[in-house]
Amino acid sequence: GVTLASKEDLANYNVGVQAQSSALEVVMADDVYDSIKDKITEYDTYDQVIMDMQAGRLDAMIVDEVLGQYKNT
């Protein structure tokens, strides 16, 4: 994985997120969205995001907080 010093660093990476997720809504509402939107790919499910991460097509993924806590335990 990659280590990000700031959310602006996401502009340097291919990022996956689930379409219509609360995580995507938060990102879209953030000032950083305009600078990173070209690097974001939306997926129907998080499983698809994870598969593309494992395949090396994505560098990072933006997840809902609850999912992030679940995946990190």
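Throughout these legends, a residue is called buried at under 20% relative accessible area, exposed at over 50%, and partly exposed in between, with a 1.4 Å probe and protein chains only. The views show a predicted model, in which local features need pLDDT of at least 70 and side-chain atom pairs count only at pLDDT 80 or more, whereas totals for chains, interfaces and linings use all residues. Residues are numbered from 1 along each chain as its sequence is written, and side-chain values use heavy atoms, with hydrogens and water left out.

**View 1. Confidence along the protein chain, given as pLDDT (the predictor's confidence in each residue, from 0 to 100).**
The protein chain has a mean pLDDT of 88, with 86% of its residues at 70 or more. Helices (H or I, at least four residues) and strands (E, at least two) are DSSP runs, numbered from the N terminus. On this division, strand 2 (residues 40–43) has the highest confidence, at 97, while helix 4 (residues 65–71) has the lowest, at a mean of 62.

**View 2. The salt bridge between Arg-57 and Asp-52.**
A salt bridge is taken here as a side-chain nitrogen of Lys or Arg within 4 Å of a carboxyl oxygen of Asp or Glu. Side chains of opposite charge can pair when their charged atoms come close. In this pair the N to O distance is 2.6 Å. Asp-52 is buried, since its relative accessibility is 13%, whereas Arg-57, with a relative accessible area of 52%, is exposed.

**View 3. The salt bridge between Lys-7 and Asp-30.**
The structure holds three salt bridges, and in the one shown here the closest N and O atoms of Lys-7 and Asp-30 are 2.8 Å apart. Lys-7 belongs to the segment before strand 1 (15–18) and Asp-30 to the loop between helix 1 (22–29) and helix 2, so the pair ties together parts that are 23 residues apart in sequence. Lys-7 is partly exposed, with a relative accessible area of 41%, and Asp-30 also counts as partly exposed, at 25% relative accessibility.

**View 4. Asp-34 in helix 2 (residues 33–36).**
The side chain of Asp-34 meets that of Lys-37 in a salt bridge, at 3.7 Å from N to O. Asp-34 counts as exposed, at 58% relative accessibility, while Lys-37 is partly exposed, with a relative accessible area of 38%. Although Ala-11 and Asp-34 are 23 residues apart in sequence, their C-alpha atoms are 9.5 Å apart in space.

**View 5. The largest nonpolar core, a set of 16 residues.**
Such a core consists of buried Ala, Val, Leu, Ile, Met, Phe, Trp, Tyr and Cys residues joined through side-chain atoms within 4.5 Å. The members that touch the most others are Leu-10, Val-15, Val-17, Val-27, Ile-36, Ile-40 and Ile-62. Two or more residues are given to this core by each of strand 1, helix 1, helix 2, strand 2, helix 3 (46–54) and strand 3 (60–62), and helix 1 supplies the largest share, three residues. Contact means heavy atoms within 4.5 Å. Leaving aside neighbours within four places in sequence, Val-17 has contacts that include Ala-23, Leu-24, Ile-40, Tyr-43, Val-49 and Ile-62.

**View 6. Ser-21 in the loop between strand 1 and helix 1.**
Ser-21 counts as buried, at 4% relative accessibility, and its side chain reaches the backbone oxygen of Gln-18 at 2.7 Å. Beyond its neighbours within four places in sequence, Ser-21 is in contact with Tyr-46 and Asp-64.

**View 7. The buried and exposed faces of helix 1.**
Ala-23, Leu-24 and Val-27 are the buried residues here. They cover an arc of only 95 degrees around the axis, and so lie on the same side of helix 1; the arc is that of the directions from the helix axis to the C-beta atoms. The elements covering these buried residues include strand 1, helix 2, strand 2, helix 3 and strand 3. On the face turned away from the buried side are the exposed residues Glu-25, Val-26 and Ala-29.

**View 8. The buried and exposed faces of helix 3.**
In helix 3, Tyr-46, Val-49, Ile-50 and Asp-52 are buried. Seen down the axis of helix 3, these buried residues fall within an arc of 165 degrees, so they line one face of the helix. The face turned away from this buried side carries the exposed residues Asp-47, Met-51 and Gln-54. After helix 3 comes Gly-56, whose phi is positive, near 85 degrees.

Methods: Polar contact = N/O pair within 3.5 Å; in protein donor to acceptor, adjacent residues only side chain to side chain.
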